[in-house]
Amino acid sequence: MSNLLSAELHRMFRHRYYWIGTILFGCIPYLSMYLIRQADIRHNNPKPEPPDGILFAGTFYLPILIAVFVCLHIGSEYSDKTIRNKKALGHSRTMVYLVNWIVCNAGVFLTYFIYVVVSFIGGYFLTNGYLTSFSAMCGDLFISFMITMVYTTLMQMFVMLVQSKSAGAVISLVFAIFIMLAGASVMQKLNEPEYMTADILVTYNGDVNDQHQPNPAYVRGKEREALMVVADILPSSQSMQLAEGAFAPEKLMRMPVYSCVVILLSLAVGISLFRREDMK
């Protein structure tokens with residue numbers, strides 16, 4: 001397994017498209033902070049916007065890059081008949097699947113790690129620094145890396161089970177867009193205010209009286225509890241909660257547990273179906 005793993009890592013790291021995507025993704029936080037800094041200077045903003053949201057927003061846009069990377073890395077194995085050659089050399093399908101999972105996660109981890117490093121550098125040189133404490137930031141980063149594992153595991157499952165490189169790319173990209181929109185939709189519903197201000201009345205005494213009325217879009221009861229669980233399970237919803245910094249500390253334990261369950265289930269389903277797949 002070690003020889004197969006080292007060969008796959010070498011093949012991934014010498015792929016120029018991987019490094020192009022990694023560099024472009026790593027430029028995003030620096031450019032975002034630079035533009036925010038320039039806007040603060042133009043408007044003489046005495047309180048520059050903290051970069052905390054940018055640091056954790058990367059995981060929300062990462063699935064698109066993961067879909068492209070996994071499709072290029074694994075899809076080329078089908079087109080080049082590399083997977084059949086591995087099987088002919090005596091490597092089991094389970095080993096092939098797990099090695100690809102390790103390699104894909106290693107590539108995504110490195111890409112996101114570079115994003116985090118650039119975010120830290122830009123955060124301290126282009127802004128006034130982060131508001132989040134170091135201990136809380138470590139917990140948030142741990143959740144972020146778990147989110148990247150969920151995305152990578154799901155994308156790999158789709159690509160490994162679809163032998164057509166073009167079809168695998170389409171399915172992965174559609175899934176990436178779908179899960180991003182699903183997470184945004186769930187968070188939009190949960191962020192609806194419970195009451196809306198209809199009118200503001202000023203009495204003869206000068207007192208201000210706000211007339212509030214219930215917001216029909218506000219989700220209540222069991223439906224809200226269910227949406228909160230979905231928000232903690234969906235990696236895109238987790239990303240938005242990290243970027244907003246609006247979740248309770250107990251979610252630092254709950255979110256990784258949900259992520260581990262999704263990863264293990266995806267691995268079990270993916271390996272089981274891949275072992276039965278008819279190699280063309």
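Biologist: What share of the 280 residues of the protein chain counts as buried?

Modeller: This is a predicted model: local features need pLDDT of at least 70, side-chain atom pairs count only at pLDDT 80 or more, and totals for chains, interfaces and linings use all residues. Numbering starts from 1 along each chain as its sequence is written, and side-chain values use heavy atoms, without hydrogens and water. Buried means under 20% relative accessible area, exposed over 50%, partly exposed in between (1.4 Å probe, protein chains only). Of the 280 residues in the protein chain, the buried share is 42%.

Biologist: What pattern does the protein chain follow along the sequence?

Modeller: Helices (H or I, at least four residues) and strands (E, at least two) are DSSP runs, numbered from the N terminus. The protein chain has 10 helices and 2 strands. Read along the sequence, they give α-α-α-α-α-α-α-β-β-α-α-α.

Biologist: Are α2 and α5 roughly parallel or roughly antiparallel?

Modeller: Axes are lines fitted to C-alpha atoms, for helices over the stretch in contact, and angles run from 0 to 180 degrees between N-to-C directions. Helix α2 (residues 16–42) packs on helix α5 (residues 93–125) at about 25 degrees, with axes 8 Å apart. Under 35 degrees counts as roughly parallel, over 145 as roughly antiparallel, 65 to 115 as roughly perpendicular, the rest as oblique. So α2 and α5 are roughly parallel.

Biologist: Where is Ile263 found, and is Ile263 buried or exposed?

Modeller: Ile263 is found in helix α10 (residues 251–276). Beyond its neighbours within four places in sequence, Ile263 is in contact with Trp101, Met146, Met149, Val150 and Thr153. Its relative accessible area is 6%, so Ile263 is buried.

Biologist: How far apart in space are Ile263 and Met149?

Modeller: In sequence, Ile263 and Met149 are 114 residues apart. C-alpha to C-alpha, the distance in space is 7.3 Å.

Biologist: How many disulfides does the count come to?

Modeller: A disulfide is a pair of cysteine sulfur atoms within 2.5 Å. Cys138 is partly exposed, at 36% relative accessible area. By the sulfur rule, the number of disulfides is 0.

Definitions and conventions. Contact = heavy atoms within 4.5 Å.
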